[in-house]
Amino acid sequence: MATAGQVDEQDVFTCPICLETLKSPKSLPCLHTFCETCIGEFILSTDKRSEQKLSNYPCPVCRTIVTPTNSEDETSLWASSLPQNFTILSSIDGSNSVQQECHLCKRRDKISEATKWCRDCAEALCEECFQFHGIMKLYAEHKVVQIEEIDSPLIVGEPDLNMISDSCPVHPSKVLEAFCFDHQELCCVFCLTLQHRKCEHVQVIEDIKHPKKDKITAFLSEVSDVKAKVETIMEEKRVQKENLEITFKEIEVQAKTFISLIKDKIDRLLATFTKGLNITREESEQAFENKLKNI
């Protein structure tokens, strides 16, 4: 960085926070420019330190207070709403074109230029890794295109390759190295140390992408065991269903039999009641006639 009173040309293209070449440069009202990711992390860290809802934040360089235009939105969206510094962006693109590195080689501590882009993996591939990528049965159906095609304006909605990285979204200086199956999250070393120390199912990404034969065998064995358990459970459920149907049929027969018995009893009671009523009526009529004769 330049000393006081000096302006080095390289400093114009350097982010004051990460001290690297600006990526997606965003300008504050004080005209200081930062990487969108860097200023976004600064805003989030300021928000975490604040004891109340954040309404503004200071410039990391000159401490000028910045009031966002979208203060009602989440603080994670404030950086994206800042104006793009197209002057610096065009200067960077015109004077120092950024070469897209192969993500697979980068994880093996190698540097090689990427020529292909896998839409399904969201990763850049060099020619060597592309050949290996196509051989793997798991990736054979993935859609792979030329990076030049992505850079073309004819394809809409493709990501900016300069912004694509395998770095951790929480700790951008660290590379994603593992996957926590308990939380279904990608993790860097810091994430593992701070948030996933007690998680039992954490696996290195390379082992997930390139499992060894013994792991494949173990996985297939687990799948077979699960399949057998599922079949057993399905058979038990089928038997339970049949028993349930038999039980309902028995209840239906019992209900019909019970109702038939009740109906027979009611019919007998009705016949007895009718017979008694007729006898009482005849006796009443005979008594009335006798009284008339006497009269």
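Both Tyr57 and Trp78 are buried in this predicted model. The two residues form a stacked aromatic pair, with 6.0 Å centre to centre and 25° between the planes. Tyr57 belongs to strand E3 (residues 57-58), whereas Trp78 lies in the loop between strand E4 (65-66) and helix H3 (86-95), so the pair ties together parts that are 21 residues apart in sequence. The count of aromatic pairs comes to two. Phe179 counts as buried because its relative accessibility is 17%, while Phe181, at 37%, counts as partly exposed. An aromatic ring is also involved in a contact with a charge: Lys116 lies over the face of Phe130, at 4.8 Å from the ring centre.

In soluble globular proteins, nonpolar side chains tend to be buried together. The largest nonpolar core here comprises 18 residues. Tyr57 is among the residues with the most contacts inside this core, together with Cys15, Leu28, Phe34, Ile39 and Ile43. At least two residues of the core are supplied by each of strand E2 (33-35) and helix H2 (36-49). Helix H2 gives the most, with four residues. When neighbours within four places in sequence are left aside, Ile39 is in contact with Ile17, Leu28, Phe34, Pro60, Ala79 and Leu82.

Notes. Residues numbered from 1 in each chain as written. Predicted model: local features only at pLDDT ≥ 70, side-chain atom pairs only at ≥ 80, totals over all residues. Heavy atoms only, no water. Phe/Tyr/Trp six-rings, centres within 6.5 Å; stacked < 30°, edge-to-face > 60°. Buried < 20%, exposed > 50% of the residue type's maximum accessible area, 1.4 Å probe, protein only. Lys NZ or Arg CZ within 6 Å of the ring centre and 35° of its normal. Core = buried A, V, L, I, M, F, W, Y, C linked by side-chain atoms within 4.5 Å. Contact = heavy atoms within 4.5 Å.
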